[in-house]
2 protein chains.
Amino acid sequence: MRIVVLAGGIGGARFLRGLKRAVPDADITVIGNTGDDIHLFGLKVCPDLDTVMYTLGGGINEEQGWGLTDETFRLKEELAAYGVGPEWFGLGDRDFATHIVRTQMLGAGYPLSAVTEALCDRWKPGVRLIPMTDDRVETHVAVTLPDSGSAAGPGERRAIHFQEYWVRLRASVPAEAVVPVGAEQAKPAPGVLEAIAEADVILFPPSNPVVSVGTILAVPGIREAIADAGVPVIGLSPIVGDAPVRGMADKVLAAVGVESTAPAVAEHYGSGLLDGWLVDTVDAGCVERVEAAGIRCRAVPLMMTDVDAAARMAREALTLAEEVRAV
Amino acid sequence: MRIVVLAGGIGGARFLRGLKRAVPDADITVIGNTGDDIHLFGLKVCPDLDTVMYTLGGGINEEQGWGLTDETFRLKEELAAYGVGPEWFGLGDRDFATHIVRTQMLGAGYPLSAVTEALCDRWKPGVRLIPMTDDRVETHVAVTLPDSGSAAGPGERRAIHFQEYWVRLRASVPAEAVVPVGAEQAKPAPGVLEAIAEADVILFPPSNPVVSVGTILAVPGIREAIADAGVPVIGLSPIVGDAPVRGMADKVLAAVGVESTAPAVAEHYGSGLLDGWLVDTVDAGCVERVEAAGIRCRAVPLMMTDVDAAARMAREALTLAEEVRAV
C-alpha cells in the first residue's frame, strides 16, 4: 500500500509514528511543510521536516515534541554572550549539526529535497520524507503589535515570520492574515506529484490546517494533484471539542475566517479535496454536518496519548479510506 | 607607548599576555595571521585570531593553548554521526558560536577586520586585534604523501591546507614548500599600515617565522612598512637550543631552506627588517653570529613557563628596543 501524508510538525510526526506501527509494510511518502523554515544565525532551519525526521528516527525530545533528546544549549548561550539572537528560538548543540550540514549542502548547490534525503540517511525515519518544495516559502503573519511604548507607536501593523508569531509571541495577538510568501511561485519538489499520482490513499494528519497542511496545499499543483488522484483523501481533525488538540491552531484559523471546530475545518478543506474526515468522539454530534457537506465522517478517539493511540487513529483513517473506496 | 605585534597563535598569544602585564598602559595593536584560516562545515574559522582573542580575553583552554575552556564537543559528534568531517579539527560547542557569528557577519558583507572587532567587543582582549588582511589568504603546504596503498600510488605530490598538514598529519612528512595562497593579491587590512607607521616599537613574538610571522610579512606592503617605520623592530627566537619551543617550526623552516637555529631565523628575517633579536640563554654562544649579521642580540631566558616569564621576556624585548633606539 502506498500512502502519502501531508505533514506539519509535532502532530504530523506523532501520527506518522502511529501509521508506521499500524501498517509496517506500507510505502509511506511524507510531503513536509517548509513554510515554517527560518534562517537563523546564517543557517537554514526546517523545524517541521526535522520534527518528522527526529520523531520517526528515534531522536526526538519526547516531552517537548521538537528538538533532540539529551540536548544541551551551550552554543546558543555563547551566541547570546556575543549579543547574537534570537534567544526565543531553541536550538540545541546536537540540533545545530543538522542545520550546519543542511546549510553547507544547500550552499554547495544541492536542493532541499536532496539535502533532506541525505539527512534521513542518518536518521532512517522509515518513510520517504520530501519537502513540499525546493523553493523558498516563508509563512508570514500580519499582526497589530500592542503598544510597546516604542517609537513605532501603538497599533503598528506588521508582517512577522511565522516562527516569531508562534514561538516568540506564542500567538498572543490575533493573526490578521497568514501569507505563505513565495508559495505562488514555488514548484512542488521532485517526487511530490509523482508520489501523489501513485498513492493508494492520501492522509491529512491532525496537523495545523492553515500553517501546515494549508501551506503545502498552497504550492501550485499539489492541491490539484490530490483532487485529481482518484484515491481516498482522509483527514483527521486537529480540533477536538472546539479547541486545538495541541498548539494554537484556533489563532490562525480565525485569520482565514474558519471557526475552530472539527466540522468547520472539514468544510474549509472542502468535499472537492477531502473524501473522509475523522472527528473525535466528543464531536460525534457534528458527523451529520460534515456528511451534509459531502464528506464521509466518523467519530473515533483522536487523542494521541501514545504511539498505540496514534496507531489506532491511523487504522481508523485507513478503514474510512476503504469505506470511501467501496462507495 | 604604541606597540605593534605580529602574532600567530599560541606563542604570540602567550607573549602578548606577558606584554600586557609588562606594560599595562601601552597601546598595543596586534596584526594577526590569517593564513591558517580554514573553511569548515561552511564556517569561516580563524584559529590564530581566536587564539589571541581567547587567550587575552580569559577564555582560552590553558592546557591545550587553543579553543575555549570548559568545552564540550557534542555538535562535532553529531556532525560525525552525519558522516560530515573533518574529525581531526577540534571545534567545541562554545567555539562554534564564534565561527557562526563570524560567518554570519561576513555573509552580511562586513570585512573580517570589522567582524574581528565585533567579536573582540565581547572578549575584550585589551589590545587592538586586526587581521593582516581582509582578503582570503590560505597557506598551503606541498608534501609527498607516503604510499597509502591507494589508487594515487606512492609518492603522490600534493598541496594541502596548512591545517591539514599541521593538525591532521602533525607535520609527519617533510614540507617541500609553503605557499601563502592569495597573499600576493592581498591588501593589508584597514589600520594595519597606519598602526605600523605610528608605532614606537614593533615586536615579533616567538611565533612561527614561516607560517605565522612570515605569512603576515608576505602581504604586500607590510614588510616594507615595517622596514620603513624607523622604529626598533625586535624579535624573540621561537627556536631554543636548536629546537622549536613548541610546535613544529623546524618542519616548515626546512621548506624555506632555513636551519632550525636561533641565529638562522634572525638571518632569515634579515637586518633590513630586524633591529634586535633575543635568543635564549642556552643559545648565548650565537649572539656574536647574529650581531655579525647586523642585528643587535641578547641572550635571556625565553621559556614562557607562565605569564610572569612572558612578561619578563616582553620587558627584555622593550629594553633591547631602547638600546637600538639609543644607537
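View 1. With 17 C-beta neighbours inside 10 Å, B:Ala171 counts as partly exposed, where a residue is buried if 20 or more other C-beta atoms lie within 10 Å of its own, exposed if 12 or fewer, and partly exposed in between, the C-beta atoms being placed from the backbone. The model is predicted, so local features need pLDDT of at least 70 and side-chain atom pairs count only at pLDDT 80 or more, whereas totals for chains, interfaces and linings use all residues. Residues are numbered from 1 along each chain as its sequence is written, and chains are lettered from A and ligands numbered from 1 in the order in which they are written. B:Ala171 lies in the loop between helix H6 (162–168) and strand E8 (177–181) of chain B, helices (H or I, at least four residues) and strands (E, at least two) being DSSP runs numbered from the N terminus. Phi of B:Ala171 is near 50 degrees, a positive value in a residue other than glycine. In chain A, A:Arg170 is found in the loop between H6 and E8; its phi is near 50 degrees, and A:Arg170 is exposed, with 11 other C-beta atoms within 10 Å.

**View 2. Surroundings of A:Ala175.** A:Ala175 is placed in the loop between helix H6 (162–168) and strand E8 (177–181) of chain A, and with 24 C-beta neighbours inside 10 Å it counts as buried. Leaving aside residues up to four places away in sequence, A:Ala175 touches A:Val141, A:Val143, A:Tyr165, A:Lys251, A:Val252, A:Ala254 and A:Ala255, contact meaning that the C-beta atoms of two residues, placed from the backbone, lie within 7 Å. A:Ala175 and A:Val252 are 77 residues apart in sequence, yet 5.9 Å apart in space from C-alpha to C-alpha.

View 3. A cis peptide bond, with omega about 10 degrees, joins A:Gly85 and A:Pro86, and A:Pro86 lies in the loop between helix H3 (74–81) and helix H4 (93–107) of chain A. In chain B, the peptide bond from B:Gly85 to B:Pro86 is cis, with omega near 10 degrees, and B:Pro86 is in the loop between H3 and H4 of that chain.

**View 4. Where chain B meets chain A.** A rotation of 180 degrees with 0.0 Å of shift along its axis superposes chain B on chain A (RMSD 0.0 Å), the superposition being by least squares on the C-alpha atoms of residues with pLDDT of at least 70 in both copies. The two copies are thus related as by a two-fold rotation axis, and of the residues of chain B, B:Asp93 comes closest to that axis, at 3.2 Å (C-alpha). In the interface, 20 residues of chain B are in contact with 20 residues of chain A, and the largest share of the chain B side, nine residues, comes from H4(B). Of the interface residues of chain B, 100% are also interface residues in chain A, so the copies meet through the same surface.

**View 5. Helix H1 of chain B and its cover.** Helix H1 (residues 10–22) of chain B has 13 residues and reaches 18 Å from its first C-alpha to its last, close to the 18 Å expected at 1.5 Å a residue. H1(B) is mostly covered, with eleven of its 13 residues buried, among them B:Phe15, B:Leu16 and B:Leu19. What covers these buried residues includes strand E1 (2–7), strand E2 (27–32) and helix H13 (307–326) of chain B.

Terms used
Expected span 1.5 Å × (residues − 1).
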